[in-house]
Amino acid sequence: MAKNTPIQHVCSFCKRLVTIRDQYDMPILDAQSGFAICKNCIGDIYHFIEDHDAHKATANKKNFAASLGATLKKNKPHIIKEYLDQYIIEQERAKKILSVAVYNHYKRMKYGFDHKNDDLSIEKSNVIMLGPSGCGKTALLSHLSTLLDIPFAVTDASSLTEAGFVGADVEVAVRNLYYAADKDIERTEHGIIYLDEFDKIARKSGENNSITADPGHEGVQQALLKMLEGSVVEFTARGQRKHPEAPTIKVDTKNILFIVGGAFVGIDKIIAKRLQKSDSNIGFGAKVEGENDKPKFDELIHQVNPEDLMKYGIIPEIIGRLPVICTLETLDEDALLRILTEPVNAPVRQYEKLMEMDGVELSFEEDALRAVAKKAIERKTGARSLKGIIEDVMLDVMFDIPRSEEARRVIVTKECITEGAQPEIEPLTEKRSA
């Protein structure tokens, strides 16, 4: 368009006649249809969108703050524990610790909203969970997440790497929470992050680790430290690597509760060694005459302290940001037997419902259930392998049962578990209803 030949056009929004001297006077112009928007209207629309987004964010913030009172009433510690009791067998102390930690997290949020100008600020109490594989750490947090009204996200810490290494950056934990909060930044900044397999990022210089290459594990802990103590984390919405042209999302982690957990294999030996040094004549430090006289894992794990975690390979700064230590016991045969049948979503109940859908009545003999528990103990996998053991036994039955519409009863015996025998199948006197 020549400078000396200005033209005029009517804006389709404000109906003003605009003299177009260059392309900036009428940013949007379709000469063929006659549709046009002047730069003044574009500016007004932009400001309207900004005001709308700001108002929406403020409304969401007020709604979230207002809902905390009601949330506190229905999520008191004893109520949270009663809920967990329906799904988790034993681990009474762990359930109490988590119930109190979550309740205090709600209270801390409410205090922050109600006393914004106070000099006093309540620090968050992040939690570290220690317990053998299959004792219920992940299950506890999984069921807890279904109860909570705040965002909750689980991230595998073993997949995290220091910047520069191949793998996921530590920011992925916050990004997972952001999506769990339906992309609401306000809710994200008051959610809970669970870092599973946290012991896998212990630095190799720890007493319990071999002298091998450390693929950024200590660097991962240093990066996590910034998030634990509270910092603004910046990440891309789609998870791609950050670069100047990629739009990013910023989340402040100072009000996010972090729970980290792991098996910490071998930490009982570190605890026993410390106790032996502290008392060489009595208690755990006394001379051991036989293997049965050695302190058991459950006796040792409850005596873990920050010094033991440092020797394991967790840096002191991280330990300082995890003031609450939650320990879980090994599940014995009786506990595994109860897990099979008592919880709301017990494995046996699940298979009973599956078979019932084919008009089949399923029953397990007492000896069969005990054999399942014993096999899980032999595998040293705890409760996580219970369903897999039953699945192996039920595979052929579940494959063949749908061939017929006949009403039957399937009985799983001890021999099915120990010797690989097939479950007994017998007809039911009652005919299956159509």
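**View 1. The whole chain, inside and out.** A residue is called buried when its relative accessible area is under 20%, exposed when over 50%, and partly exposed in between (1.4 Å probe, protein chains only). By that rule, 40% of the 434 residues of the protein chain are buried. This is a predicted model, where local features need pLDDT of at least 70, side-chain atom pairs count only at pLDDT 80 or more, and totals for chains, interfaces and linings use all residues. Residues are numbered from 1 along each chain as its sequence is written, and side-chain values use heavy atoms, with hydrogens and water left out. You'll find 16 helices and 14 strands here (DSSP runs numbered from the N terminus: helices are H or I with at least four residues, strands E with at least two).

**View 2. A greasy spot on the surface.** Phe13, Ile28, Phe35, Ile42, Ile45, Phe48 and Ile49 make up a nonpolar patch with about 630 Å² of accessible area together. Areas come from the Shrake-Rupley method with a 1.4 Å probe; for residues, only the protein chains shown count as cover. Helix 1 (residues 39-74) supplies the largest share of the patch, 4 residues.

**View 3. Zooming in on Ile28.** Look for Ile28 in strand 3 (residues 28-30). Ile28 counts as partly exposed because its relative accessibility is 39%.

Terms used:
Patches are made of residues with over 30% relative accessible area and no salt bridge: like charges are joined within 9 Å, nonpolar side chains (Val, Leu, Ile, Met, Phe, Trp, Tyr) within 5 Å. A salt bridge is a side-chain nitrogen of Lys or Arg within 4 Å of a carboxyl oxygen of Asp or Glu.
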